[in-house]
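Let's take a walk through this model together, going from its sheet to the helices around it. Have the viewer open as you read.

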Amino acid sequence: MHYDTLAISLNSNCNANCKICCGMPKSNQVLNDDIAFHFLRGLKYNSDIKRICLTGGEIFLDINKVYKWIKFINESNKKAYCVSNGFWGYDIKEANQIVKNLKQLGLNQLTLSYDEYHNEFISIECIINILEACKRQKLPVSIQTVILNKNNNKKWINDLVSYLPDINILFFPCYQVGNASKNFSSDMFIKSRDKKGLLCEKSGTFMIEADGTVWPCCSPYINETELNIDNIYLSQNANIDSALKKIRDNKLLYCLRNFGFDYFVDLAENKLDIELPKKFVSSCELCAYLFSKINFKRFNRLIN
């Protein structure tokens with residue numbers, strides 16, 4: 001498993017409260033920039049990491065923080081990406097100025113999170129204005145859309161019909177975590193993946209949360225596990241190289257990336273008497289079942 005991307009959560013707060021949110025958008029954690037920059041002090045010299053993705057929460061609630069991070073990423077000779085719900089696109093002139101600033105600071109691509117649930121909080125006009133601004137400034141932009149069974153995304157997609165030739169809309173099944181787990185019954189989630197033959201879908205990306213936790217992947221399900229690697233607030237001497245070494249030296253993660261989930265499914269069902277569902281939304285959900293707070297120590301005793 002070769003890690004080439006780092007996701008950084010700048011905050012956990014959001015100005016929307018979408019039913020399908022995989023987090024808890026009304027929490028108020030904010031990443032300490034000074035400590036995070038200290039942790040990343042060797043980033044410029046790390047040849048493995050190519051991309052940094054800024055996410056939240058809603059990171060554009062503090063636009064100057066976003067600008068500071070993109071500048072840092074660009075100065076570290078890495079590619080910068082960020083994710084937003086697009087609330088700041090309410091005015092075309094404002095949107096164009098923000099996109100212009102992002103482009104000049106070195107942002108490589110903007111991703112907008114939008115679907116029928118974001119539409120309850122963010123007007124489609126905001127998205128249209130940002131798409132128009134990105135087109136003017138020649139900044140690549142995409143839309144990521146979360147879907148459940150019985151979704152209705154037709155209207156807002158139709159509103160973007162003239163922009164569709166220039167953008168990608170990526171559809172992802174909703175994860176049964178965070179707000180989503182509270183707002184929808186289990187049958188609403190698209191559980192089409194069999195437990196056999198699954199591989200890690202987030203391999204290659206690790207993450208720093210706003211609370212300082214370092215995780216070996218960027219899936220929202222990771223917060224349901226005990227797979228945390230470090231915490232930048234608690235380990236003053238830690239840095240990006242030491243975190244990557246901990247990930248690579250972790251025996252459980254080593255087995256996961258070399259043998260896939262089948263190895264752990266077999267252990268769970270035949271040696272640990274862990275009952276697993278037959279179908280999952282993704283391998284991330286299976287990961288959360290296997291390495292939950294209850295099961296993690298049981299696997300560790302077998303592997304270590």
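## The sheet

Strands E3 and E4 run parallel and are joined by five bridges. Within this pair, valine 83 is found opposite threonine 111 of E4. Please keep in mind that the model is a predicted one.

Moving along, E2 and E3 are paired in the parallel sense through four bridges, with cysteine 53 opposite tyrosine 81 of E3. E1 and E2 also pair in the parallel sense, over five bridges. Here alanine 7 faces cysteine 53 of E2, the residue that stands opposite tyrosine 81 in E3.

These strands belong to an open sheet of nine strands, ordered E6-E5-E4-E3-E2-E1-E8-E9-E10, and its pairing is mixed. At the edges are strand E6 (168-173) and strand E10 (230-231), each of which pairs on one side only. As background, strands of a sheet pair through backbone hydrogen bonds, either parallel or antiparallel.

## Helices on the sheet

H2 packs on the sheet, where it touches E1, E2, E3 and E4. The direction of H2 makes about 175° with that of E2. Another helix, H7 (residues 240-249), lies across E1, strand E8 (205-208), strand E9 (213-215) and E10. H7 runs at about 125° to E8.

## A closer look at H2

Which residues of H2 are buried? They are Lys65, Val66, Tyr67, Trp69, Ile70, Phe72 and Ile73. Their packing partners are strands E1 (5-9), E2 (51-55), E3 (79-84) and E4 (107-113), together with helices H1 (33-39) and H3 (92-105).

## H8 against H10

Two packed helices are described by the angle between their axes and the distance between the axes. For helix H8 (residues 251-270) and helix H10 (residues 296-303), the axes come within 12 Å and cross at roughly 110°. H8 and H10 are therefore roughly perpendicular to each other.

On the H8 side, the contact is made by Lys251, Leu252, Cys255, Phe264, Leu267 and Ala268. H10 contributes Phe296, Phe299, Asn300, Leu302 and Ile303. Sorted by class, the contact of H8 with H10 has nine nonpolar residues, one polar and one charged.

Conventions. Residues are numbered from 1 along each chain as its sequence is written. This is a predicted model: local features need pLDDT of at least 70, side-chain atom pairs count only at pLDDT 80 or more; totals for chains, interfaces and linings use all residues. Side-chain values use heavy atoms; hydrogens and water are left out. Buried means under 20% relative accessible area, exposed over 50%, partly exposed in between (1.4 Å probe, protein chains only). Helices (H or I, at least four residues) and strands (E, at least two) are DSSP runs, numbered from the N terminus. Contact means heavy atoms within 4.5 Å. Axes are lines fitted to C-alpha atoms, for helices over the stretch in contact, and angles run from 0 to 180 degrees between N-to-C directions. Angles under 35 degrees count as roughly parallel, over 145 as roughly antiparallel, 65 to 115 as roughly perpendicular and the rest as oblique. Ala, Val, Leu, Ile, Met, Phe, Trp, Tyr, Cys and Pro count as nonpolar, Asp, Glu, Lys and Arg as charged, and the others, Gly among them, as polar. Two strands pair if DSSP finds at least two bridges between them.
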